[in-house]
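Dear colleague,

I am passing on the structure below, together with some notes on what was found in it. Please read the notes with the coordinates open beside them.

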Amino acid sequence: MFSLNNNPASSSSLKFYRGPVLRSLSDDFSEYFQDALIVIQKNGDGAGLIKAIGDAHKVAQEFKVDLSSLKKNTDLLMPAFFDTHFHWVQDDVRQMPKVSLIEWLERYTFPEEAKYSDRKFSSIKAKRFWQRILSVGTIGGLCYSSIHEIALEEAFKHAPEDFYIGNVLMTMNCPKEIRQSTDQACASVDNCAKRYKSRYVCSPRFAPTTCPEAMQASVAAAARHGCFQQTHLGETKKEIDWVLDIYSEIEGFQAVKTYTEIYERVKMLGPKTIFGHCIYLDESEWKLLADSGSRIASCPSSNAPIERLGIGSGLFDYEKAEEMKIPWSLASDIGGGPFLSMFDVMRSFVEQNKEAGRNTATFTKALHRCTYKGAELMNLSADRGMLKVGYYLDAIRVPIPPAMPAGVSAETVLEALICLLPSRESTDTFVNETIIRGKSCFRKEAVA
Ligand SMILES: [Zn+2]
């Protein structure tokens, strides 16, 4: 267990954490301390705020504590993850054969999601899934559920507070078991937004399966109850042909030229809407997203080639997004993505982008996009997602790679950490402890 020291000199509410720490401060800067000291202020509710963080000797001097009296942790402490696009109801199909997006949805995903109409099934799965996500170090994010309100209710029973979840709205071009009537979809999004408020994400699945009326109801419910919205955009070329074909026959949309324009017409674009994927966008679409302040969740392990267990969709152009000043973060997209761990997502991001010649695709950047930038996409970044003074202690404890002397760069430590993993499967059991706001919420030792 991560061990906190009391203040040896007084009985104040300050606690001291001593041990190796790695933190992310920007896309280009992460910091590694072989021996760090974090001073934590415990609030009345037990939550821990960071009062100081840095080299152990310097911080100890500042707070006038005797370092030799503080127990030193041996594992590495680093920031916990935010995953801004995943489907908790697809955890069991993440390893199913993937040929292409539409085939995979029809063959495995839609039949799987249909099972969540059953409360008992949903309840068992929810308990297991939300324990599992904490065990990989993810403490918050934006999540899709199936269409069913009972599955959503079960998810909210188990998901920690920084997970925002929405039942998908689907009214067309999908099997009848997971199809709502337009009236049902409109009523559901409004009821759920009213019930769960800002933790509810209005989630029209994507334009091919969700009629304009349901998307408009989503926009209205989100505005009325202060919710985020999420959907999919430009994941594959076949999907784009499909959606444009469908909308060429829908009244009021015949003149639409691009996928993004469909969302624009129903007024879904905006700073509280997160679009998943965004791989295939033309210049006018990038501009629509940028001008509206819309945000993007990119899912590299899901978009990866089929031989790397992805759907083979392509690679998100993060340089273009940054040039257009569009906020973006990394996400697992379980079950399109094969592994829930953000370590696997980081590895996939660096590997694919380096192969594409993007030298700014470092582990430092990947970590920043899986932590602080995820919190930022959710408007939580004032005090979440970074190990920094004034922020809550949101962290994970992982084994430290061997031979990491003082002075080695954080990028080297991160790379060694990822290389320490013997297989992609092993990312699932890599984290020893997960800490939310200074409170331990998963410990491997306790489960073993
Ligand atoms: Zn998705």
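Which side chain does arginine 358 meet in a salt bridge? The partner is glutamate 319, at 3.5 Å from N to O, where a salt bridge is a side-chain nitrogen of Lys or Arg within 4 Å of a carboxyl oxygen of Asp or Glu. Arginine 358 lies in the loop between helix 12 and helix 13 and glutamate 319 in helix 11 (residues 318-323), so the pair ties together parts that are 39 residues apart in sequence; helices (H or I, at least four residues) and strands (E, at least two) are DSSP runs, numbered from the N terminus. Arginine 358 counts as buried at 13% relative accessibility, whereas glutamate 319, at 38%, counts as partly exposed (buried means under 20% relative accessible area, exposed over 50%, partly exposed in between, with a 1.4 Å probe and protein chains only).

Before going further, please note that this is a predicted model, in which local features need pLDDT of at least 70 and side-chain atom pairs count only at pLDDT 80 or more, while totals for chains, interfaces and linings use all residues. Residues are numbered from 1 along each chain as its sequence is written, and side-chain values use heavy atoms, with hydrogens and water left out.

By the salt-bridge rule the count comes to 39. Among them, glutamate 31 pairs with arginine 23 at 2.9 Å, N to O, and arginine 23 is buried at 11% relative accessibility. A network of salt bridges links Arg308, Asp344, Arg347, Glu351, Glu355 and Arg424.

The chain is divided into domain 1 (4-79 + 388-447) and domain 2 (81-377), with bounds that come from an automatic or database domain assignment. Their centres, taken over C-alpha atoms, are 32 Å apart, and 31 residues of domain 1 are in contact with 32 residues of domain 2, contact meaning heavy atoms within 4.5 Å. About 2,600 Å² is buried between the two domains, 62% of it from carbon and sulfur atoms; this is the accessible area (1.4 Å probe) that two parts lose on being put together, summed over both. Six salt bridges are counted between the domains. Aspartate 27 and arginine 369 also form a salt bridge, their closest N and O atoms being 2.6 Å apart.

On the side of domain 1 that touches domain 2, strand 2 (14-24) and helix 15 (410-420) are among the elements that each supply at least two residues, and helix 15 gives the most, with five.

With best regards
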